[in-house]
Amino acid sequence: MSYPVQRPRRLRARPGLRRLARETQLGVEDLVYPLFVREDVDEPEPIDAMPGQFQHSMDSLVREVESSLRAGLQSFILFGIPARKDREGSQAWDERGVVQRSLTRLRESFGPDVVLMADLCLCEYTDHGHCGIVEDGAVDNDATLEVYRRIAVSQAQAGADVIGPSGMMDGQVGAIRSALDGAGFQDRAILAYAAKYASAFYGPFREAAGSAPQFGDRRGYQMDPANLREAVREARLDVAEGADVVMVKPALAYLDVIRGVAQSCEVPVAAYNVSGEYAMVKAAAANGWVDERRVLREVLLGIRRAGAQMILTYHAKEAAAQIPCWNELG
Ligand code: PBG
């Protein structure tokens with residue numbers, strides 16, 4: 001049976017009917033707010049290509065988390081910008097490192113309920129800007145795993161609930177899981193950057209984190225944007241190694257990947273709405289070319305509809321303020 005018996009418009013006629021028929025919900029509890037914390041600054045430094053985002057000082061980080069909690073957010077992921085970089089990225093696992101100190105400070109300030117995640121990578125900490133240990137001009141996978149193990153334990157020690165390895169080394173999830181378990185941190189979860197593509201959408205982040213590679217690029221470890229089946233393979237491998245959550249990154253040009261991973265893995269799926277995606281919305285809105293609030297709702301709904309349960313997004317705080325109104329929208 002078709003028209004005139006079938007009339008989909010019936011359920012669009014009034015706000016109450018539209019709300020009943022709505023298939024996808026957005027909640028503040030779905031959002032994770034990424035924050036940058038920079039060592040040795042007293043004032044937050046605005047990030048040019050990410051309007052509204054800052055390289056925080058330790059104090060401004062605490063204030064930002066405090067106001068975000070008031071806005072209804074509960075989860076944060078930290079990226080550190082150390083004062084000193086070296087070949088091995090040793091600040092990444094220093095117990096006095098900027099992320100370690102920030103985690104401890106946030107835990108002390110906000111107690112057990114705040115969810116604290118730590119990105120685990122070397123690119124912000126190495127002088128060459130690559131995500132691993134470089135030997136003879138190339139990233140050495142297995143030497144890097146040894147360093148990742150140390151970073152994971154130091155982040156757990158400092159109070160991270162969730163460790164997010166983002167370097168795309170083979171075996172990184174298994175290596176981190178065994179290191180955490182061996183150090184008594186069986187209770188800490190791993191958010192695996194399972195399908196992380198070699199993407200130009202990370203441009204603003206590299207400015208924010210000072211993490212652009214000084215030679216070559218990341219195509220030897222991050223994924224080819226042309227591949228979907230490989231993403232499913234990566235996610236399955238990570239689950240087998242002990243990942244608690246698998247993530248797809250970036251989000252918007254990869255919605256089919258989110259869907260594919262969600263259909264083939266039983267763990268929750270996260271998506272990273274990355275810096276370049278944020279920058280595009282902000283730039284178009286600043287020019288008056290799009291209605292920012294409505295575009296943001298569609299961006300987040302699209303990512304959820306594709307199959308992501310949680311979304312890492314720089315829009316988290318503004319979305320938290322808008323979500324109650326969106327949910328009222330008929
Ligand atoms: C570090 C890392 C990157 C991002 C998150 N973790 C950058 C990269 O791989 O170059 C990108 C996040 C964003 O663009 O918002 N490996």
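Reader: Where does Asp-40 lie?

Author: Asp-40 is in the loop between S1 and strand S2 (45-46). Keep in mind that this is a predicted model.

Reader: Why is Asp-40 called exposed?

Author: The relative accessible area of Asp-40 is 66%. Exposed means over 50%, so Asp-40, at 66%, gets that word.

Reader: How far apart are Asp-40 and Ile-81 in sequence and in space?

Author: They're 41 residues apart in sequence, and 9.4 Å lies between their C-alpha atoms.

Reader: Let's go to Asp-30. Where is Asp-30 found?

Author: You'll find Asp-30 in the loop between helix H1 (15-21) and strand S1 (31-38).

Reader: What makes Asp-30 count as buried?

Author: Buried means under 20% relative accessible area. Asp-30 has 11% relative accessibility, so it counts as buried.

Reader: Which side chain makes a polar contact with the side chain of Asp-30?

Author: That's the side chain of Arg-304, at 3.4 Å.

Reader: How far apart are Arg-14 and Gly-330?

Author: In sequence, 316 residues separate Arg-14 from Gly-330, yet their C-alpha atoms are 7.1 Å apart in space.

Reader: On to Phe-79. Why is Phe-79 called buried?

Author: The relative accessible area of Phe-79 is 3%. The limit for buried is under 20%, so Phe-79 qualifies with its 3%. Phe-79 is part of strand S4 (residues 75-81). The C-alpha atom of Phe-79 is 7.7 Å from that of Ala-209, although these two are 130 residues apart along the chain.

Reader: What is said about the phi of Asp-136?

Author: Asp-136 has a positive phi of about 50 degrees, although it isn't a glycine. Asp-136 sits in the loop between strand S6 (134-135) and strand S7 (138-139).

Reader: What makes Asp-136 exposed?

Author: Its relative accessible area is 83%, and over 50% is what exposed asks for, so Asp-136 is exposed.

Reader: What about the phi of Met-168?

Author: Met-168 isn't a glycine either, and its phi is positive, about 60 degrees. Met-168 is in the loop between strand S8 (162-165) and helix H5 (172-182).

Reader: Does Met-168 count as buried or exposed, and why?

Author: Buried, because 6% relative accessibility falls under the 20% limit.

Reader: Where is the place of Ser-166?

Author: Ser-166 is in the loop between S8 and H5.

Reader: How do you know that Ser-166 counts as buried?

Author: Ser-166 has 3% relative accessibility, and buried means under 20%, so the word holds.

Reader: What joins the side chains of Ser-166 and Asp-119?

Author: A polar contact of 3.0 Å. The cut-off is within 3.5 Å, so the pair counts.

Reader: Which atom of the ligand does a polar side-chain atom of Ser-275 lie 2.7 Å from?

Author: An oxygen atom of the ligand. Gln-222 has a polar side-chain atom 2.9 Å from an oxygen atom of the ligand, too.

Reader: How much of the accessible area that the ligand has on its own does the protein cover?

Author: The protein covers 100% of that area, which is 410 Å² for the ligand on its own. The space the ligand takes is the largest cavity.

Reader: Which residues around the ligand come nearest?

Author: Of the 18 residues around the ligand, the nearest are Lys-196, Arg-206, Lys-249, Ser-275 and Tyr-314. The shell divides into 10 nonpolar, three polar and five charged residues.

Definitions and conventions. Residues numbered from 1 in each chain as written. Predicted model: local features only at pLDDT ≥ 70, side-chain atom pairs only at ≥ 80, totals over all residues. Heavy atoms only, no water. Near = heavy atom within 4 Å. Polar contact = N/O pair within 3.5 Å; in protein donor to acceptor, adjacent residues only side chain to side chain. Areas by Shrake-Rupley, 256 points an atom, 1.4 Å probe, with all protein chains shown as cover. 1 Å grid on protein atoms, 1.4 Å probe; cavity = no way out; pocket = protein on both sides within 12 Å on 5 of 7 lines; lining within 4 Å. Sits in = over half its atoms within 2 Å of the grid points. Nonpolar A, V, L, I, M, F, W, Y, C, P; charged D, E, K, R; others polar. Helix = DSSP H or I, 4+ residues; strand = E, 2+ residues; numbered from the N terminus. Buried < 20%, exposed > 50% of the residue type's maximum accessible area, 1.4 Å probe, protein only.
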